[in-house]
Amino acid sequence: MSLSATFRTLLLAVLLAGVSPPVDAAGQTWIQIDKTARTLTLFEGDVPLLEFPVALGRNPIGPKREQGDGKTPEGRYFILSRLRNSRFHRALQVSYPSLSDQMLADARGVPPGGRIMIHGVGPNERAEQLHPLFDWTDGCIAVTDEQIEALWARVPVGTPVDILP
């Protein structure tokens, strides 16, 4: 079993047990997205390393509840994969939906949605200039291409992501 497969198995076990590993461990890299402040901060332990303005889902207030609602999720997630060539330059896939997100959607009889990413803006130069001024994604967290490159260099699979209201 590869390290990635082992990590995913461990992550799944932790998520199913409902346990959230701490993100304030000395030296641990983690991401905080504050939807109200419209910021993404990369931390190492409790030390902020990078902070960027973000664009969110086009309907950002409140947690994501179902596919197509235009909301950005809220809660504790993890980076599941890294997409080198997404249509938005580079992308870091967030582990939405969590088990609890899936269960809430199932109880309502709706699909939870998925493929939530932290990504750049891609080849649209106008979007690159305007992206932090309005929320334009389907629920993802957008930064500039230059900023996603900085995150790409520092954020491995498994990195915790806390998305605050």
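Residues are called buried at under 20% relative accessible area, exposed at over 50% and partly exposed in between, with a 1.4 Å probe and protein chains only. The model is a predicted one, in which local features need pLDDT of at least 70, side-chain atom pairs count only at pLDDT 80 or more, and totals for chains, interfaces and linings use all residues. Residue numbers start from 1 along each chain as its sequence is written, and side-chain values rest on heavy atoms, with hydrogens and water left out.

**Figure 1. Overview of the chain.** The secondary structure comprises 4 helices and 8 strands; helices (H or I, at least four residues) and strands (E, at least two) are DSSP runs numbered from the N terminus. Their order from the N terminus is α-β-β-β-β-β-α-β-α-β-α-β. Of the 165 residues in the chain, 43% are buried. Contact denotes heavy atoms within 4.5 Å. Among contacts between residues at least 6 apart in sequence, 60% join residues at least 24 apart.

**Figure 2. The largest nonpolar core.** A nonpolar core is a set of buried Ala, Val, Leu, Ile, Met, Phe, Trp, Tyr and Cys residues joined through side-chain atoms within 4.5 Å. The largest has 23 residues, of which I31, I33, L40, L92, I118, I141 and L151 touch the most other members. At least two residues each come from β1 (29-34), β2 (39-44), β3 (47-53), β4 (75-86), β5 (89-94), α4 and β8 (160-164). Helix α4 gives the most, with 3 residues. Not counting residues up to four places away in sequence, I31 touches L40, T41, L42, I118, V155, T159, P160, V161 and D162.

**Figure 3. Surroundings of A142.** A142 belongs to strand β7 (residues 141-142) and is buried, with a relative accessible area of 0%. Beyond its neighbours within four places in sequence, A142 is in contact with P53, V54, A55, H119, H131, W136 and T137. A142 and H119 are 23 residues apart in sequence, and their C-alpha atoms are 5.0 Å apart in space.

Figure 4. On a 1 Å grid over the protein atoms alone, a cavity is a set of points where a 1.4 Å probe fits but cannot get out; a pocket is an open set with protein on both sides within 12 Å along at least five of seven lines, and lining residues have an atom within 4 Å of a point. The largest pocket has a volume of about 370 Å³. Its lining consists of 19 residues, of which F88, R115, H119, D138 and C140 are the closest to its centre. Strands β4 and β6 (117-119) each supply at least two residues of this lining. The largest cavity holds about 40 Å³ of space and is lined by K64, R65, Y96, D101, L104, A105 and R108.

**Figure 5. The exposed residue I61.** I61 is located in the loop between β3 and β4 and is exposed, with a relative accessible area of 71%. The C-alpha atoms of I61 and K35 are separated by 8.1 Å, and the two residues are 26 residues apart along the chain.

Technical notes. Points joined across faces, edges and corners; volume = space filled by probe spheres on them.
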